[in-house]
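Please prepare a briefing on the model shown here, with the cut-offs behind each term stated once.

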Amino acid sequence: MGWIVYFRRYWQLYALLALPLAYFIIFKYGPMYGIQIAFKDFNFFQGIAGSEWIGFDAFKEVFAMRDFYLTLRNTLMLNFLDLLVSFPAPLILAIMLYEMKTVWFKKLSQTILYIPHFISWVIIGGIVYQVFGTQSGMINNIITSLGFEAIPFLTDKNDWLVTYLLVGVWQSAGWGTIIYLAALTGINKELFEAAGIDGAGRLKRIWHITLPGLKPTIVVLLIINLGHMVSIGFERPYVIGNLAVREYSDVLSTFVYRIGLESGQYTLATVVGLFQAVVGLVFVLGANYTSKKLTDEGIM
Amino acid sequence: MIGNKQRKGIMGTKKAALTAGLACTLLFTACSANSGAGEEASGGSGGEGAKEHVTLKVEVFDRGNSPAGSTITDNYLTKYVQENFGKPNNIDVEYVPVPRSEEVEKLNVLMASGSNVPDIVFTYDPNTFNRYAKQGGLTDVGPLLDEHAPNLKAFLGEEVLGYGKFEGTQFAIPAKRSNVGKYASFIRQDWLDKLGLPVPQTTDELYETLKAFKEKDPGETGGQVIPLGMTIASAQYEPLIWSFIKPVSEEERHTLTQQLGSNDYPTLLPGFKDALQFMNKLYNEGLISKDFGLDKDKKKLGEDVATGKVGFYSEDDINPFYEKGSLDTLQQNVPGAQLASVDVYTNEEGKHAKPMYAPNGMYIMIPKSSERAVEAVKYLEWMATSDNLFHLQNGIEGENYTMVDDIPVAVENPSEEALNRMFNSGDMAIVSNGKQLGSMEKNLKARALQMPKKFLEQVEAAQVIANADVIEPVLMDRPIEAQTKYGTTLLDKFNEMIVKTTMAKPDQFDGIYETMLKDYMASGGQAILDERTAVYKEMQAAN
């Protein structure tokens, strides 16, 4: 079959591909041109091409900044804890939803679980303030009216950490179940029936059928998550964080925002961005390699 | 039947694919059509009419408060400008909105984009101005002002213009402030009366008063009383902190002050630690809100004042007295509530020392890439000429204001139309911050008269307080580069230092203060100190 015939027959598929492809070219590959800013003394008015090359000077400057290490540590710490707390949450939820037999209740729970995903972080920040505030937060109002000491959920760094993680679970766990639920539909129902006849209880079935069935999905998601270990969303730490807990809440993305957009030092901000990308790549490749060795599952 | 259904299914996918493809094409053509139209418009405007017809692009702050029927780029005042300045000069004035809350970030993006940058841009942040000037991105407006703007130069005066110089060159046109007073403090007079207490005159007396507020809860808040309203915004903490700063020599004043953004900060001045210690005491005794460190935008404070929980606080001088502002709402919530303007914080010398504004407002700049620099200067000149500024600031006589003793007084209960006319007045009259009527006295009077009549007495008192015992901003002979570079980071650290030391347990205060100060110095504070010391030496040598 000549390629012209082939293309004629399948051109719709290519048309469909065009949009995502355009997305990657415009938003992922195009901006790579800007990476050179990290090696230049970027001048607003000369543009990227007109700015002078400075080699690795900016890298030296960034690696000498205390805030860089603080924010790097916090990024890794928050992401790692998130992985421990937020990663298993959708998995457990998905299995629970899957085991649920009452259809209307299942649908209702799913809807309620999905809602937080669609609320903007700015709004969540406002809600968090109202609920967890020390002086006038809802929870502390109850605690103090019962005669106990108020808990500084937002202003003590360790309490804040718990708040941060739980808010994350609340926001993302429901939405995260979708991918697992999709994978669960791929498991052959007969396996469950056979296991039931053989006398396997619910937990046994989950352990021997559901979880192995989900293994490839779990591994892929884990690898993707590890790849994001050094990159962290901007909104969540920025909105929930505050000056009293900056020791924990200041992360690479807020650091980049501060030195890049607020102080106009684009060169330094680009250095940090590039650093994140390189370390992220190392993490993905490392996780993929390990996973292939251990479980034969991987993403490439 | 089944075959038919299948056939339909395939048709369905085909159609879907087609639609997707079509959507793609449309998207791309839309984009290219758009850019084509843009080119045409800018190309067309050049060759139209006998006299050259040009477009002047002017930045405007968007506060998201446009009334129905107008937008920030199309409203009564923009039409007024077009009619009175644009038409006679063959200029189309086009406004480019920038959100007020992220003016610096957005401006940075605009400037870096090169082609889309407006011909007139501005910022309140001197560091941003210095950065642009240093990178060579601004037009030298000195010669243009000499040639085209005699009225503007006379209006601004030498002192104000001096703030727009970068290493001797006039790279910005600073706006002129009509009033340099900044802060006053406010106390619940009805609480004092109820407890039979006098108005506190010193910081020590204030402390006793706050304790009485806490213990006796005269507002009957049910234990929710916040004796001292505090936030992590400068209007609340600056009056307190600066009153602890000890008298210093000229040299110390120049070298130890740290200018971060547009304000001077006393991080290294003697007395700063005492101020933090005092705040720490207030916090640990429950006299300020436990969550003050979360309140960056004063929202929570405003709420607490309006619901009658706060006994005393500092604020921008006339801020509480606006129509539907804090006091107005408070009096609705708590009948009989009174807020008195007071001057309490006292320094070692018994003065109520507090910061003031520099005589300039924002920095108005013309990017170097602009081809309309002359028109831009003409626009500003027009604004400063005859009664144009007056009209922009006051609206229409009889509908918006009436003249009383040479002072425009806001019409009581103006019509909706008249009110909407002026919603963006402050952001359109860019050459001035506040109303200009020829003298400070008149300016202040006019400012007071535009406030609700029922609060006039307190407004006038607040303005007097704001201008009493003020600390002048420190002027250096040349811009401090380290401030430009580290300003934003250090401002964050400064605020963090206040929050952490205030919230520390009393026995941990010293340790936390030392750690934070060390971090501050290492993150740029030392660099600023060194540079300021060097520049001060130069200044001494030059004299």
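Predicted model: local features only at pLDDT ≥ 70, side-chain atom pairs only at ≥ 80, totals over all residues.

Residues are numbered from 1 along each chain as its sequence is written, and chains are lettered from A and ligands numbered from 1 in the order in which they are written.

**Chain B overall**

- Chain B has 21 helices and 18 strands, where helices (H or I, at least four residues) and strands (E, at least two) are DSSP runs numbered from the N terminus.
- The C-alpha trace of chain B spans about 85 × 80 × 55 Å along its principal axes.
- Of the 543 residues of chain B, 44% count as buried; a residue is buried if 20 or more other C-beta atoms lie within 10 Å of its own, exposed if 12 or fewer, and partly exposed in between, with C-beta atoms placed from the backbone.
- Among the contacts in chain B with a separation of 6 or more, 77% are between residues 24 or more positions apart, two residues being in contact if their C-beta atoms, placed from the backbone, lie within 7 Å.

**Nonpolar cores**

- The largest nonpolar core has 106 residues, and those with the most contacts inside it are Val272(A), Leu228(B) and Ile288(B); such a core is a set of buried Ala, Val, Leu, Ile, Met, Phe, Trp, Tyr and Cys residues joined through C-beta atoms within 7 Å.
- Helix 20 (residues 481–503) of chain B supplies the largest share of this core, namely seven residues.
- Apart from this core lies another, of 54 residues, including Val60(B), Phe129(B), Met362(B) and Tyr363(B).
- Not counting residues up to four places away in sequence, Val272(A) touches Val62(A), Leu252(A), Phe255(A) and Val256(A).

**Helix 9 of chain A**

- Helix 9 (residues 157–185) of chain A has 29 residues and reaches 42 Å from its first C-alpha to its last, close to the 42 Å expected at 1.5 Å a residue, the expected span being 1.5 Å times one less than the number of residues.
- This helix bends by about 40° at Ala173(A), the bend being the angle between axes fitted to the seven residues ending there and the seven starting there.
- Its buried residues include Trp160(A), Tyr164(A), Val167(A), Ala173(A) and Tyr180(A).

**Strand 14 of chain B and its partners**

- Six of the six residues of strand 14 (residues 360–365) of chain B are buried, so this strand is largely enclosed by the rest of the structure.
- Strand 3 (residues 121–123) of chain B pairs with strand 14 of chain B in the antiparallel sense over three bridges, where two strands pair if DSSP finds at least two bridges between them; in this pairing Thr123(B) stands opposite Tyr363(B).
- Strand 6 (residues 173–177) of chain B is also joined to strand 14 of chain B by three bridges and runs antiparallel to it, with Lys176(B) opposite Asn360(B).

**A sheet and a hairpin in chain B**

- Four strands of chain B form an open sheet in the order 8-11-7-12, and the pairing is mixed.
- The edge strands are strand 8 (226–229) and strand 12 (339–342) of chain B, each of which pairs on one side only.
- Strand 7 (residues 183–188) and strand 11 (residues 310–316) of chain B run antiparallel and are joined by five bridges, and Tyr183(B) stands opposite Asp316(B).
- Strand 15 and strand 16 of chain B form a hairpin with two residues between them, and Asp405(B) in the turn has a positive phi of about 50°.
- Four bridges join strand 15 (residues 401–404) to strand 16 (residues 407–410) of chain B, and Val404(B) stands opposite Ile407(B).

**Contact between the chains**

- 27 residues of chain A are in contact with 34 residues of chain B.
- Helix 1 (3–29), helix 4 (66–86) and helix 14 (252–262) of chain A each supply at least two residues of the side of chain A that touches chain B, and the largest share, five residues, comes from helix 1 of chain A.

**Thr203(B)**

- Thr203(B) lies in helix 8 (residues 203–216) of chain B and counts as partly exposed, with 16 C-beta neighbours inside 10 Å.
- Leaving aside neighbours within four places in sequence, Thr203(B) is in contact with Ser243(B), Val344(B), Tyr345(B) and Thr346(B).
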